[in-house]
Amino acid sequence: MTETILQNVAAVRQRIADAAWQAGRDPAEIRLVAVTKYVDAAAARQLIAAGLTDLGESRPQQLWAKADALENEHVQWHFVGSLQRNKVRRTIEIATLIHSLDSQRLADALHQEAESLGRTVGVLLEVNISGDASKHGVAPEAAAALLDHAARLPHLQIRGLMTMSHREGGPDVARRDFARLRELRDQLLFAAPENVDLGELSMGMSDDFEQAILEGATIVRIGSAFFEGIVS
Ligand SMILES: *Cc1c(COP(=O)(O)O)cnc(C)c1O
């Protein structure tokens with residue numbers, strides 16, 4: 001297993017570097033988040049051994065369990081899935097960045113728990129750019145109102161936007177979706193209060209991260225590409 005994971009990590013890193021080169025970007029400005037939802041803590045530890053420091057989970061209980069099992073490791077956790085309000089507290093105690101802020105109610109809950117913990121919580125607004133009914137995220141037309149609301153909550157630190165591309169569109173559709181997220185970011189920034197920072201674009205998964213990098217992704221979230229030949 002170790003050998004395969006090391007090879008897969010090296011291959012993903014090379015593809016990130018190639019896409020960055022094609023886009024005229026520095027690969028060092030693209031953060032690689034390894035999504036560990038398909039595997040157990042032992043396999044996640046292999047990714048850490050391969051030099052990855054940012055790990056992501058999409059279900060709160062899995063995040064909590066993995067963080068417990070890996071508490072001696074140096075990991076920055078990302079939460080990338082849908083978050084119910086009653087799971088906010090424990091989740092923000094672990095995760096440094098919540099990629100999935102998609103409602104005012106969730107913004108309020110995150111703010112309240114962060115305040116009671118005496119800290120701020122980093123968030124990305126998740127936008128349903130493709131309009132797929134199966135996807136989470138705020139509609140693009142509603143993103144400005146959510147941003148406006150969240151920007152008034154001092155314990156939230158807004159860092160950017162997150163999206164997933166259209167499920168079955170292929171690379172060209174994915175690239176168009178990612179371009180639309182970047183354009184939406186530019187529009188939002190134009191109208192936003194001065195203290196709002198939207199520097200991060202979290203977009204691109206195993207099947208489409210190269211397209212995302214070409215369109216300005218600063219964070220890619222990659223899972224299955226690391227486990228090819230290990231989990232089916
Ligand atoms: C599972 C998941 C990923 C990783 O997907 P892969 O296609 O396996 O790379 C990225 N982002 C989110 C939100 C996910 O749920």
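Select leucine 153 in this predicted model, in the loop between α6 (143-151) and β6 (156-162). Leaving aside neighbours within four places in sequence, leucine 153 is in contact with Ala107, Asp108 and His111. Display the C-alpha atoms of leucine 153 and histidine 111: they are separated by 6.4 Å, although the two residues are 42 residues apart along the chain. Is leucine 153 buried or exposed? Its relative accessibility is 13%, and because buried means under 20%, leucine 153 counts as buried.

Next, select the largest nonpolar core, which has 70 residues. Those with the most contacts inside this core are Ile98, Leu101, Leu110, Leu156, Leu161, Val220 and Phe226. Which helix gives the most to this core? It is helix α1 (residues 2-23), with six residues. In soluble globular proteins, nonpolar side chains tend to be buried together.

Centre the view on leucine 161. Beyond its neighbours within four places in sequence, leucine 161 is in contact with Leu124, Leu125, Val127, Leu181, Leu184, Arg185, Leu188, Leu198, Glu200, Leu201 and Ser202.

To display the contact, select Thr2, Ile5 and Val9 of α1 together with Ala43, Gln46 and Leu47 of α2. Coloured by residue class, the residues of this contact divide into four nonpolar, two polar and no charged.

Keep α2 in view and select its buried residues: Ala41, Ala43, Ala44, Gln46, Leu47 and Ile48. What covers these residues? The cover includes α1, β1, β2 (54-57) and α3 (60-69). Following α2 in the chain is glycine 51, with a positive phi near 100 degrees.

The last stop is threonine 36, found in the loop between β1 (31-35) and α2. Threonine 36 has a relative accessible area of 0% and is buried. Which residues are in contact with threonine 36, leaving aside its neighbours within four places in sequence? They are Ala44, Leu47, Leu55, Gly56, Glu57, Lys66 and Trp77. Of these contacts, Ala44 and Leu47 are among the buried residues of α2.

Technical notes: Residues numbered from 1 in each chain as written. Predicted model: local features only at pLDDT ≥ 70, side-chain atom pairs only at ≥ 80, totals over all residues. Heavy atoms only, no water. Core = buried A, V, L, I, M, F, W, Y, C linked by side-chain atoms within 4.5 Å. Buried < 20%, exposed > 50% of the residue type's maximum accessible area, 1.4 Å probe, protein only. Helix = DSSP H or I, 4+ residues; strand = E, 2+ residues; numbered from the N terminus. Contact = heavy atoms within 4.5 Å. Nonpolar A, V, L, I, M, F, W, Y, C, P; charged D, E, K, R; others polar.
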